[in-house]
Amino acid sequence: MGLIRSWVESANAAECLFPLNNLPCGVFSTGESAPRCGVAIGDFVLDVAGLEAAGLLELDGGPLLDVPFWNEVMAAGPSVWAALRAQLQLILGEDADEHVRDECRFFMYELADVALHMPFRVSEYTDFYAGRNHAFNVGTMFRGPENALPPNWLHMPIGYNGRASSVVVSGSDVRRPWGQVKAPDQALPVFQPSRRFDIELELGAVVGMASEGPVTVAEAEAMIFGYVLLNDWSARDIQAWEYQPLGPFQAKATATTISPWIVMTAALEPFRTPTPARELPLLPHLQEPRPMLYDIALEVGLAPEGGPETIIARTNAAELYYSAPQQLAHHTTSGCAMNTGDLLGSGTISGPTKDSRGSLLELSWGGKEPFAIAGGSRSFIEDHDTLTLRGQCQGAGYTIGFGECTGKVLPALADPYAR
Ligand code: MN
């Protein structure tokens, strides 16, 4: 499939992140106006809530866009998702007549002039650990190369239940957390600001359709509305002390940042790619009936306060060992119900090479090998650093972009218990 041409000229540029093929879903506001649902097209955001209210967009069961989040559309299911895209591709397509264009122009705002908000209400947040290279690297550092991959790792996507309350939208500042840490050579733990604050480059799957009881991998795939970039901020010193035996807890609870646009699965369809070869056969209920990963080029930028950004890692979502449908299916095996708005983090996506590692922990190998950035070096995040994730799929003459997933780390506050 090639570029679908739009009368919005900026949407037709090969490097534009938001061509008519994409149509990602966000929530925006202008000036003092209340946040509302919008779709990105070229250099603009189209106020689809306004379009629906004006009768220019008709969705079964509507109105579905009269709320400042996409959950109602997500819950309406794949036929409504497809109808939304089809209607938008008609009215924004190059064959739309002048009257339709004028109506649309009334509901368009320059992206540069709007504020972006959380695109959906996060029901619950689960974080997986589905990157083979990341799991091996971290396991090597925490437990040694012999025990790097836990014995269950090649048989199921490992995850933990995170906190929906911690999920914030791109652009939100992140405060360096305090926590309990204990170095291996210390007898007792201390309570102090994290000194090993980190990112995790992940892809987030957004569950549209709810489920009750176990679902197959194919059914799970049909439940997914779309994907976001996700930075699972991680305090490694807190994590190393707290994580056994129940997994990460406060190390991951400070914040998780998502990109402001949900890229619908339909936009990613041309970029489908298989999971890597299985090192051990999976049980039948976790096997994929067809390729369910996507070829999404990913990068991480780090910019110190007032300094230039350095790209510190480049990798690809195709490095994941388990796809989101496999994670989601596994999540339901116990009978666990899933809800509209559930968010699944993929786990850190690291490639096989040193410059493709999706966390500073891996890039600096636990702080032992600081890496260079413009004008300095880093082992972990320093105060006032801005970390930015980007992702895009390269089509023939067009690009599917996610927009930036960015956050600046602010210094820890004074001891929160010193009163
Ligand atoms: Mn994570």
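**Strands and a metal site**

Mentor: To start with a pair, Phe-28 stands opposite Arg-36 in S2. This is a predicted model, where local features need pLDDT of at least 70, side-chain atom pairs count only at pLDDT 80 or more, and totals for chains, interfaces and linings use all residues. Residues are numbered from 1 along each chain as its sequence is written, and side-chain values use heavy atoms, leaving out hydrogens and water.

Trainee: How many bridges join S1 to S2?
Mentor: 4 bridges join strand S1 (residues 25–29) to strand S2 (residues 36–41), and the two run antiparallel. Strands are DSSP runs (E, at least two residues) numbered from the N terminus, and two strands pair if DSSP finds at least two bridges between them.

Trainee: What order do the strands of the open sheet have?
Mentor: The open sheet of 5 strands goes S4-S3-S2-S1-S5, with antiparallel pairing. Strand S4 (108–110) and strand S5 (115–117) are at the edges with a single partner strand each, so one side of each has no neighbour in the sheet.

Trainee: New topic: which residues are the protein donors of the manganese ion?
Mentor: They are Asp-127 (OD), Glu-200 (OE), Glu-202 (OE) and Asp-232 (OD), at 2.1 to 2.2 Å from the ion. Donors are N, O and S atoms within 2.8 Å of the metal (3.2 Å for Na, K and Ca); water is not among the atoms, so sites may look incomplete.

Trainee: Are Asp-127 and Glu-200 buried or exposed?
Mentor: Asp-127 is buried, with a relative accessible area of 2%, and Glu-200 is buried at 4%. Buried means under 20% relative accessible area, exposed over 50%, and partly exposed in between (1.4 Å probe, protein chains only).
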